[in-house]
Amino acid sequence: MFLAGENITAGRLNRLQPKPYIVKASGSLAAGSTNADVPGCSIAFTTEAANAVVQCSWSTDYDLTGASTTLASSRLMLDGATGSDVFTINQENAGGANDRVTAAQFWQFTVASAGAHTIKMIATTPANTTVNVYTAIKLLVIEVA
């Protein structure tokens with residue numbers, strides 16, 4: 001917000017523009033992985049002011065080769081900490097070879113401090129499920145002027 005008599009600066013105007021980011025997986029995540037980094041699904045971003053709002057949406061492409069009684073899941077980590085209790089989840093009890101599911105999810109949070117940050121996707125896959133290259137993260141950073 002700008003008040004009467006205030007100077008408008010380029011820095012404050014820059015913070016008014018939402019900053020979009022998108023990445024796609026650069027490779028598959030092998031079956032039998034536990035909380036492993038999804039290749040290529042990491043975004044480094046910088047906030048110019050404290051309390052920036054970040055909106056994330058992501059999709060996880062699960063490629064199954066057979067039925068499983070174990071969940072496959074993905075979630076996001078912010079600055080090395082599992083800040084998200086929001087997961088994409090897949091479980092295929094009766095499926096067989098060549099089954100496929102793309103699950104999507106959304107997470108919104110506030111980054112308390114200004115500076116450099118990293119968000120990345122981690123996933124857990126049962127013995128017969130991989131996370132495929134069609135997996136992606138979209139991020140929108142909204143700062144206060």
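**Exercise 1: a salt bridge between strands**

In a salt bridge (a side-chain nitrogen of Lys or Arg within 4 Å of a carboxyl oxygen of Asp or Glu), the side chains of K120 and D37 meet at 3.0 Å, N to O. The model is predicted: local features need pLDDT of at least 70, side-chain atom pairs count only at pLDDT 80 or more, and totals for chains, interfaces and linings use all residues. Residues are numbered from 1 along each chain as its sequence is written, and side-chain values use heavy atoms, with hydrogens and water left out.

Task: locate K120 and D37 in the chain.

Solution. Step 1: K120 belongs to strand β7 (residues 115-124) and D37 to strand β2 (residues 36-47); strands (E, at least two residues) are DSSP runs, numbered from the N terminus. Step 2: the two residues are 83 apart, so distant parts of the chain are linked.

**Exercise 2: a buried threonine**

Task: determine whether T88 is buried or exposed, and identify its side-chain polar partners.

Solution. Step 1: T88 sits in strand β5 (residues 88-90). Step 2: its relative accessibility is 2%, so T88 counts as buried; buried means under 20% relative accessible area, exposed over 50%, partly exposed in between (1.4 Å probe, protein chains only). Step 3: polar contacts (a pair of N or O atoms within 3.5 Å; within protein, one must be able to donate a hydrogen and the other to accept it, and residues adjacent in sequence count only if both atoms are side-chain atoms) join the T88 side chain to that of T60 at 3.0 Å and to that of S74 at 2.5 Å.

Notes. Helix = DSSP H or I, 4+ residues; strand = E, 2+ residues; numbered from the N terminus.
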